[in-house]
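Colleague: I would like to learn how to read helix packing and sheets. Can we work through one example together?
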Amino acid sequence: MKETKFDGSVVALPDTVALDDERSALVIIDQTQLPRRLELIALTEQVQIFEAIRSLRVRGAPAIGVSAAIGYYLAAKQLVNCGDKSIFFQKIGAAREYLASSRPTAVNLFWALDRMQNVTDTHSNLSVVEIVTKLHEECLKIRDEDIESCRRIGENGLKILGRSRNILTHCNAGQLAAVRYGTALAPIHLGHERGIDFKVYCDETRPLLQGMRLSAFELAANGIDTTVICDNMVSSLMSQGKIDAVIVGADRIAANGDTANKIGTSGVAILAKYYNIPFYVAAPKSTFDMSTPTGKDIIIEQRDPSEIGELWFSEPLSPDGAKTYNPAFDVTPHELITGFITD
């Protein structure tokens, strides 16, 4: 474990997700500790990796996918001395199903696990040691592809944004949602490296505050002009002409273009449509799910009701007897999306 107190200075963030092969560990930035503490934690057991994905210590569709791939490899590595291949296949299959059950909406989770499982199946004639070696190569390939994918999204996003400089984003689809660069924030980070002065408005993103705790953190840490707003302030800003474009990420994009993203995204899209502001979704090709026809077919994760009225408060604010509705995502209809920025 490595921990750094964050004092608001411009800092270079480490990769959000990494493999420490010597320690047989998945190393992640613990996002539940941000923005006050920048803490790296090493996860060596499947139950730890499952908990990290489920509890949002690691989150964002690309980062979840890379974490799952590394988790699958580490599960196989623990079985490297398994003399019976049938037992190996049984246990690695169980590990895949276990990791897949951590969160239901982010398609990258299943995409990455399917890629790893395909390597296992394709090389089933090899020894266990040789299969594990192939899995090691594949999880690193998935990680490297994520970095390159996000860089290309950044390049394409800069072209599409043109002279737009005042950007609104919802939730976090930046470096903390991937290995590096991110998706929705990739054009901002890449543009900043090239001397472009963006002004970014971050919705707080209730109830888990990923916009305020994570997007604003990574943007400010990179020295980018960043302003946090409450979720219900979007219309006010747009009506004053202070927003040139909206960029958000995605956890799953259906075949018709309907997009599941953090709760509140669809409301931002409706406002952008009303004020004639372009609304872009930035995502890698792995987030497009052609097996899901429309947004109505996307399973929406329901989270713990306590996140709304208890998580950030010294005592519960919700009155006794009041019910709580806490979907993690909503679906933005494709008609409200100006375009997709992809790799």
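This is a predicted model: local features need pLDDT of at least 70, side-chain atom pairs count only at pLDDT 80 or more; totals for chains, interfaces and linings use all residues.

Colleague: What is the angle between α2 and α3, and how far apart are their axes?

Modeller: The angle is about 155 degrees, and the axes are 10 Å apart. Angles over 145 degrees count as roughly antiparallel, so α2 is roughly antiparallel to α3. The crossing of α2 past α3 is right-handed.

Colleague: Which residues make the contact?

Modeller: From α2, look at A68, G71, Y72, A75 and A76. From α3, look at F88, I92, A95, R96 and L99. By class, this contact has eight nonpolar residues, one polar and one charged.

Colleague: Now the sheet. What is the order of its strands?

Modeller: Read across it: β7-β6-β5-β8-β11-β14. That is an open sheet of six strands, paired in parallel.

Colleague: Which strands stand at the edges?

Modeller: β7 (225–229) and β14 (339–341) do. Each has a single partner strand, so one side of each lacks a neighbour in the sheet. On average, neighbouring strands are turned by 30 degrees against each other, ignoring direction.

Colleague: How many bridges join β5 to β6?

Modeller: Four, between β5 (residues 166–169) and β6 (residues 199–203). One to find: L168 has Y201 of β6 as its bridge partner.

Colleague: Which strands do helices α5 and α9 touch or cross?

Modeller: Helix α5 (residues 128–161) lies across β5, β8, β11 and β14, at about 140 degrees to β14. Helix α9 (residues 265–274) touches β5, β6, β8 and β11, and its direction makes about 145 degrees with that of β11.

Conventions:
Residues are numbered from 1 along each chain as its sequence is written. Side-chain values use heavy atoms; hydrogens and water are left out. Axes are lines fitted to C-alpha atoms, for helices over the stretch in contact, and angles run from 0 to 180 degrees between N-to-C directions. Helices (H or I, at least four residues) and strands (E, at least two) are DSSP runs, numbered from the N terminus. Angles under 35 degrees count as roughly parallel, over 145 as roughly antiparallel, 65 to 115 as roughly perpendicular and the rest as oblique. A crossing is left-handed if the near helix is turned anticlockwise from the far one by less than a right angle, and right-handed if clockwise. Contact means heavy atoms within 4.5 Å. Ala, Val, Leu, Ile, Met, Phe, Trp, Tyr, Cys and Pro count as nonpolar, Asp, Glu, Lys and Arg as charged, and the others, Gly among them, as polar. Two strands pair if DSSP finds at least two bridges between them.
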